[in-house]
Amino acid sequence: MQRPANIPDLVQTRRAFLRDAGSDYAFGLDVDAFQQTISTEYPALHTTTYLDHAASTPPPRSTLTNFAEKVSNSLFSNPHSRSTSSSATTLAIERCRGRILNELFGLTDPAARAEWDVVFTSGATAALKLVGDAFPWQNARYAYLKESHTSLVGVRACAGEGDVSALGVDEMLQLPPCESSSTTQLFGYAAQCNATGSRLGLEYCRHLKMRHPHGFVLLDASAYVSTTVLDLASLPIDCAPDFIACSFYKIVGFPTGLGCLVVKRSAGAVLQRRGYFGGGTIDAISVSAPFWAEPRRSVVPGPLHERFEDGTLPFLDIIALDCALDTHKKLFKSQRHVSKHVSTLLKFATRELAALRHGNGRPVIKQHRAFGALGSDLEEPGPVIGFSVLDPESEYVGHVHVEQLATVNGLQIRTGGLCNTGVLASSFNLTNDNIREEYARGRSCWDDEEFGRHGHPLGMVRVSFAASTTIDDVLQLLSFMRRYFVVSAKVASLQTPQPAAAASLKGMMIYPIKSCGGQRLESWEVVNTGLIYDREWMLVDESSGKTLSQKQHPRMALIRPAISLEDRLLVVSAPGSVNLRLPLDAPEDSTLTANVCSDTVSVSFSNPHLGVDIDAWFSSFLGVPCSLRRLSGSQAQRHAHFERATAGGAPVPILLSNESPFLLISQSSVDQVNNWIHEASPAQETQSVHADCFRANFLLESAQGVPGPGGGPASLPLPPFAEDSVDLVRIGSETFQVLARCRRCLMVCIEQSTARRTKEPLSCLARNRKNARGKIEFGVHLMWREDLSPSVGARERPVLKVGDAVSFVSLAAEDGQDGLCDV
Ligand SMILES: *Cc1c(COP(=O)(O)O)cnc(C)c1O
């Protein structure tokens with residue numbers, strides 16, 4: 001059985017849903033039977049809540065088994081031959097074209113189907129591009145809706161400099177009809193917005209065609225047809241779109257890499273083949289000079305697709321589509337049934353999400369829509385919800401934050417710009433200048449930045465449903481939203497002033513190879529770039545040239561580098577591998593540049609000939625071709641990423657660490673996090689997290705049995721998060737300045753001793769340790785203040801030892817008390 005939503009407070013909600021939804025939900029099946037079908041057909045969904053069907057929907061098992069049966073028992077072969085298997089294949093392909101028009105486009109009547117043709121392509125994007133390439137752009141205009149998927153926007157690049165406009169829904173309708181009959185016009189729009197689910201359907205096309213009877217309409221139907229029928233039989237052929245693009249994996253999951261352009265035959269003649277030709281698209285061709293080629297003749301109502309399908313069709317994929325449509329019908333009856341099923345879920349989810357309130361009464365989400373008033377007037381939306389999460393002050397919560405929490409809680413959702421800049425811009429009032437400015441700052445559609453320079457969000461959250469979605473998936477989403485984003489009352493500030501307490505250095509770590517395991521130290525030297533040898537090496541992905549990170553390769557945690565100062569060696573061990581022993585003082589073989597957190601650094605191969613292939617050692621352990629690099633000449637080429645991080649006006653140098661030379665945490669804070677974890681799920685066997693997962697350099701703890709100030713009673717234990725509110729930390733003889741709190745991501749969810757991914761501590765941190773911008777913070781970044789340390793000017797490097805006494809000072813302390821005091 002699919003994992004039931006184990007959510008006691010939602011049991012009532014579930015019951016009410018089932019009562020109201022009636023037989024529209026679950027295809028008229030009894031709910032348990034439906035649940036059972038989903039469980040059998042989609043084993044991959046047992047352990048996750050998948051809510052990204054608008055990106056792709058998983059295929060049911062029966063499609064794959066039926067396909068395997070079919071192609072192993074019957075011979076299908078290249079349709080260009082005349083053998084029996086080839087003829088059978090051709091027949092199956094032609095039958096499939098008819099099925100598509102019948103089952104996905106509502107053309108049940110063969111006479112109505114004859115007005116249309118199906119051109120197979122590799123997907124919706126390729127279908128849109130086909131129109132862009134073949135449209136006669138001389139004296140033509142292209143107008144498309146601003147809120148379009150980039151695949152539709154891209155057609156403008158084919159239109160050349162000429163007459164292209166990106167318009168709102170009303171503007172496009174009001175465009176003056178073409179004056180001269182020699183001008184052609186192409187209108188592009190999406191039947192359903194991929195980011196918001198808003199629909200214009202076919203009705204908008206009818207409006208366009210009434211005003212522009214000679215204009216051509218290019219419809220991006222990829223999102224729309226995923227869960228409903230685009231009913232071409234519902235309107236007169238003159239009012240229907242001329243070209244319609246879609247991808248099949250969005251409907252039935254498998255095959256991928258197959259889509260089509262549905263073409264109205266009467267409009268087909270306008271598409272002129274230019275550029276490449278080959279395979280089956282030629283009727284006759286000369287061998288050499290004088291060269292001539294005759295494209296495939298297609299006489300209306302002849303087969304138009306022959307002119308556009310170059311080379312051999314992906315015939316087995318088309319057979320797979322046939323199997324997929326069979327399975328779809330068997331499981332879900334029809335696309336009209338799918339439409340009813342998902343719309344019950346959509347209405348319920350929309351209502352419940354909108355009803356979420358913070359303790360102060362303000363809403364928890366803001367839903368985004370597209371296409372203005374028409375986008376809700378013409379048709380009910382599709383099963384997609386595009387939204388932003390709001391905090392109790394109605395400020396946006398970053399989308400990456402939401403996604404990371406969803407990930408550790410087993411939910412799969414989509415966040416970001418969703419390939420639809422128009423929707424992003426209209427939702428957040430972004431101007432072209434804003435977008436250009438973000439790009440100039442190095443932002444791209446794909447990165448993790450949540451807010452732009454002016455505080456605009458740079459992404460939204462999207463959840464989407466399909467035939468295989470159950471009410472329990474939606475309840476999981478609601479429960480997740482309630483747990484993490486609803487703030488019931490104002491959370492008291494955690495920053496309590498620190499009374500007399502005493503601390504000492506409990507542990508000290510370096511991570512010689514960036515993102516690999518740590519080395520526990522007893523005593524170690526400090527320099528301004530950090531503890532010596534901390535993050536001096538890194539692993540570089542050979543194919544992408546990027547630094548490898550534990551986030552993508554958790555097994556890196558099991559690679560344990562250790563510096564041996566006596567032997568002058570870096571010794572690297574990993575389970576099941578012989579130890580690597582690399583001399584610390586090897587000469588550099590050669591240098592090259594690499595990228596670390598968008599800084600370019602020069603790194604060296606120091607691949608001394610030791611009889612072992614170092615890179616092969618790492619590559620085989622991690623299963624990625626990679627190579628070990630060392631920061632060239634041990635010289636700092638990068639700088640700490642904080643404004644405060646200057647020493648005497650010069651920026652503070654760092655090696656390969658992400659942000660700063662030192663990271664400090666305290667055991668009291670780790671203990672507090674574990675308390676939260678156990679409070680949050682007392683019944684389940686919850687595992688405590690270890691301080692290791694925070695990958696700090698310094699771990700503090702309460703000093704035991706230290707007499708209080710003036711020899712009074714023993715001092716208080718170190719309070720959790722004491723490190724947050726201090727400016728200077730003295731460890732042993734050395735003084736460090738706090739630069740900023742450390743922002744945390746999914747990386748804390750990798751258990752360092754086992755390399756397993758866990759849900760905690762991110763989930764609990766997210767509920768308890770978010771700053772005003774919604775960033776999770778834990779621990780603090782430090783720089784060494786040599787000028788405030790007694791070692792200043794000394795020839796020997798200072799050495800810190802586990803057990804050293806630790807004291808804090810807040811510069812903001814009143815009464816000008818700027819001496820260091822015990823906390
Ligand atoms: C998914 C989607 C596309 C792109 O489809 P591909 O399968 O990637 O070619 C274009 N437009 C919309 C509205 C979509 O939802």
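## Around K264

Leaving out neighbours within four places in sequence, K264 is in contact (heavy atoms within 4.5 Å) with E115, W116, K209, I237, D238, A240, P241 and D242. K264 sits in strand β8 (residues 259–264); helices here are DSSP runs of H or I with at least four residues, strands are runs of E with at least two, and both are numbered from the N terminus. The C-alpha atoms of K264 and W116 are separated by 4.7 Å, though the two residues are 148 residues apart along the chain.

Is K264 buried or exposed? K264 counts as buried because its relative accessibility is 4%. The cut-offs go like this: buried means under 20% relative accessible area, exposed means over 50%, and partly exposed is in between, using a 1.4 Å probe and protein chains only.

## What you're looking at

This is a predicted model, where local features need pLDDT of at least 70 and side-chain atom pairs count only at pLDDT 80 or more, while totals for chains, interfaces and linings use all residues. Residues are numbered from 1 along each chain as its sequence is written, and side-chain values use heavy atoms, with hydrogens and water left out.

## The chain as a whole

Let's zoom out. The chain has 823 residues, and buried ones make up 54% of them. Its secondary structure comes to 21 helices and 38 strands. Take the contacts with a separation of 6 or more: 73% of them are between residues 24 or more positions apart.

The accessible surface comes to about 36100 Å², and 52% of that belongs to carbon and sulfur atoms. Accessible areas come from the Shrake-Rupley method with a 1.4 Å probe; for residues, only the protein chains shown count as cover.

## The nonpolar cores

In soluble globular proteins, nonpolar side chains tend to be buried together. A nonpolar core is a set of buried Ala, Val, Leu, Ile, Met, Phe, Trp, Tyr and Cys residues joined through side-chain atoms within 4.5 Å. The largest one here has 70 residues, and Y25, M481 and F485 have the most contacts inside it. Helix α18 (residues 471–485) gives the largest share of this core, with nine residues. The core also draws at least three residues from each of domain 1 (2–58 + 335–490) and domain 3 (645–819); domain bounds come from an automatic or database domain assignment.

Which residues does F485 touch? Not counting residues up to four places away in sequence, F485 touches H358, V364, V389, V397, H401, V402, L405, F480 and K770.

## Rings in pairs

A pair of aromatic rings is described by the distance of the centres and the angle of the planes. Rings of Phe, Tyr and Trp (its six-membered ring) pair if their centres lie within 6.5 Å; planes under 30 degrees apart count as stacked, over 60 as edge-to-face, and the rest as tilted. A search of the whole structure finds 23 aromatic pairs. In one of them, the rings of F27 and F34 have centres 5.7 Å apart and planes at 50°, so the pair is tilted. F27 is buried, at 3% relative accessible area, and F34 is buried too, at 1%. Ring pairs also link F17, Y25, F27, F34, F332 and F348 into a cluster.

Now for F662 and F736: their ring centres are 5.0 Å apart and their planes are at 75°, so this pair is edge-to-face. The pair links distant parts of the chain, with F662 in strand β32 (residues 662–666) and F736 in strand β35 (residues 734–743), 74 residues apart. F662 is buried at 1% relative accessibility, and F736 is buried at 0%.

## Charges over rings

A charge sits over a ring if NZ of Lys or CZ of Arg is within 6 Å of the ring centre and within 35 degrees of the ring normal. R555 lies over the face of F621, at 4.0 Å from the ring centre. R769 lies over the face of F721, at 3.9 Å from the ring centre.

Most residues other than glycine have a negative phi, and most peptide bonds are trans. The peptide bond from F254 to P255 is cis, with omega near 0°, and P255 is in the loop between α10 (249–252) and β8. Another cis peptide bond joins E760 and P761, with omega about 10°.

C419 has a positive phi, near 55°, in a residue other than glycine. C419 counts as partly exposed because its relative accessibility is 28%.
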